[in-house]
Amino acid sequence: MKIHEYQAKELLSNFGIPTLKHSVAFSADEAGKLAYEEFQSKGVQTIAIKAQVHAGGRGKGIVYDINTNQPIIYNGKEVRGVNIINGDDIAHTAYEYAARMVGKKLVTIQTGATGSIIHRLLIEEGCSISREFYISITLDRQTGKNVIMASTEGGMEIEKVASESPEKILRETIDPRFGLLPFQVRRLAFGLGLKGDAYKNFLNFLPKLANAYDEMDASLLEINPLVQTSDNQIIALDAKINFDDNAIFRHPQYMELRDTNEESPLEVEASKYDLNYIKLNGNVGCMVNGAGLAMATMDLIKFAGGQPANFLDVGGGANVDRIANAFKIMMSDPDVHAVLINIFGGIVRCDKVADGIVQALNDVKVDLPVIVRLDGTNAEEAKEILKKSGMAFKIATTFLEAAQNVTEVVKTAV
């Protein structure tokens, strides 16, 4: 689960991690009021106004009008996802920017042309920046251990740094038996070229960040940029936290931070039924049991010349309700032109799955071609159930045959 920057900063503050003073606004009026009461009236002359969307690259992203698809202009410049405001009347300027951002769409390198609608804004006090860094903590799945990645290239997309200047990325693997050790913190500080008070403040900052990552059961904690101020403070200027969905039950309060406006409507609907669903750009709907088989199914569809429309894992308990809800979700996607059901009967028997498919299609209207491949326990009995149902299934025997059949059906339909 992802959360917004302002929410991440509030959580990090609970762990003693330095952030700048900030407030969140949901309208232009609120933005102007907050800018005056929290900053201008207290002598602050520099603030940042940041779009709160679940996408990176906001500083370079451009705000567009939803209806005309034209970039929004203010004072002769394109409005960005992050705008710096200076002067004696920052409250008025904050209002003007907010009026041109809330309800508009932000297009960044991560959102693609469709963009993300801006519903909320972060109003944050400015600071004097001396240097910018990148730092993150995530799980290295190859080693099964958490890894800290740091770089002097703060503010850059880490993927770009990794491809163009991999030597600029520092790594420290955290052994779960010992946790983050002092010598590792010092090695990263030296690697980033920190000295004096900035060095000391970093030695205090990083262990707190590692502790926050562990305590929150995060799957990603990214600070980009982490800044050294002119007075050598180390501050999280931005913050991104992704929670491990499998550990959310330990932190039910985090569910209150979820913003479904930032998620695909179909993915939100799928989550209500505990279905693992991700919308993709193709036209072949996939219903599979098991994440590994789902990935292999998408690969084979691509190999056969097709394009998967979704990742949909109904899990080991592929019962009537799950199958019916999966069909409802796929039928809600206008891009789906055919459906491939690929089930391996291990935990659940194939004949039970076949019964579930037949019963589900009595409840859900499906007017698209459906190709079914069932293999494993009681696969032959399952095929007989499908044949005797009177429904227009196309039954495939092999994995490759199923992918080829659904691809041909889609091409014929187009």
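**Entry 1: β3 and β7.** I began with strand β3, which runs antiparallel to strand β7 (residues 105-107) and is joined to β7 by three bridges. Strands here are DSSP runs of E with at least two residues, and helices are runs of H or I with at least four residues, numbered from the N terminus. Two strands count as paired if DSSP finds at least two bridges between them. I62 stands opposite V107 in β7.

I noted that the model is predicted: local features need pLDDT of at least 70, side-chain atom pairs count only at pLDDT 80 or more, and totals for chains, interfaces and linings use all residues. Residues are numbered from 1 along each chain as its sequence is written, and side-chain values use heavy atoms, without hydrogens and water.

**Entry 2: the open sheet.** I looked up the strand order and found β3-β7-β8, an open sheet of three strands with antiparallel pairing. β3 (62-64) and β8 (116-117) are the edge strands, each pairing on one side only.

**Entry 3: β20.** I then turned to strand β20 (residues 370-376), where five of the seven residues are buried (under 20% relative accessible area, 1.4 Å probe, protein chains only). Strand β19 (residues 338-345) pairs with β20 in the parallel sense over seven bridges, and I343 stands opposite L374 in β20. Strand β21 (residues 393-395) also runs parallel to β20, with three bridges; V372 has I395 in β21 as its bridge partner.

**Entry 4: crossovers.** I recorded a right-handed β-α-β unit made of β19, helix α10 (residues 350-363) and β20. Right-handed means that, with the strands pointing away from the viewer, the path from the first strand over the helix to the second runs clockwise. β20, helix α11 (residues 379-388) and β21 also make a right-handed β-α-β unit.

Conventions
Buried < 20%, exposed > 50% of the residue type's maximum accessible area, 1.4 Å probe, protein only.
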